[in-house]
Amino acid sequence: MFNLFKKTSEVEKLQKKYEKLMKEWHALSTTNRSESDKKYAEAQKIQEQIEQLQKK
């Protein structure tokens, strides 16, 4: 209830997006290798953004 008014930080938003991409990557890894590679590359870019924000 108290988290209702708490704003999520940019890092938290990116972390959720990263986790979603990694789940999609894992699901696609057994069926479509090229699409799974694209999802993994997107996830890595998100991870780099998270690291940049955490360094600041």
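Guide: Start with a definition: buried means under 20% relative accessible area, exposed over 50%, and partly exposed in between (1.4 Å probe, protein chains only). This is a predicted model, where local features need pLDDT of at least 70, side-chain atom pairs count only at pLDDT 80 or more, and totals for chains, interfaces and linings use all residues. Residues are numbered from 1 along each chain as its sequence is written, and side-chain values use heavy atoms, with hydrogens and water left out.

Visitor: OK. Is Leu21 buried or exposed?
Guide: Leu21 has a relative accessible area of 7%, so Leu21 is buried.

Visitor: Where is Leu21 found?
Guide: In helix α1. Helices here are DSSP runs (H or I, at least four residues), numbered from the N terminus.

Visitor: Which residues make up the largest nonpolar core?
Guide: Leu14, Tyr18, Leu21, Met22, Ala43, Ile46 and Ile50, 7 residues in all. A nonpolar core is a set of buried Ala, Val, Leu, Ile, Met, Phe, Trp, Tyr and Cys residues joined through side-chain atoms within 4.5 Å. The elements giving two or more residues to this core are α1 and α2. The largest share, 4 residues, comes from α1.

Visitor: How do α1 and α2 cross?
Guide: Their axes come within 8 Å and cross at roughly 160°. Axes are lines fitted to C-alpha atoms, for helices over the stretch in contact, and angles run from 0 to 180 degrees between N-to-C directions. Helix α1 is therefore roughly antiparallel to α2 (an angle over 145 degrees).

Visitor: New topic. How many aromatic pairs are there?
Guide: The count is 1 aromatic pair. Trp25 and Tyr40 form this pair, 5.2 Å centre to centre, with 45° between the planes, so by the definition it is tilted. Rings of Phe, Tyr and Trp (its six-membered ring) pair if their centres lie within 6.5 Å; planes under 30 degrees apart are stacked, over 60 edge-to-face, and the rest tilted.

Visitor: What does that pair tie together?
Guide: Trp25 lies in α1 and Tyr40 in α2, so the pair ties together parts that are 15 residues apart in sequence. Trp25 is partly exposed at 26% relative accessibility. Tyr40 is partly exposed too, at 36%.

Visitor: And where is Lys7?
Guide: Lys7 is in the segment before α1 (10–28). Lys7 is exposed, with a relative accessible area of 76%.

Conventions. Angles under 35 degrees count as roughly parallel, over 145 as roughly antiparallel, 65 to 115 as roughly perpendicular and the rest as oblique.
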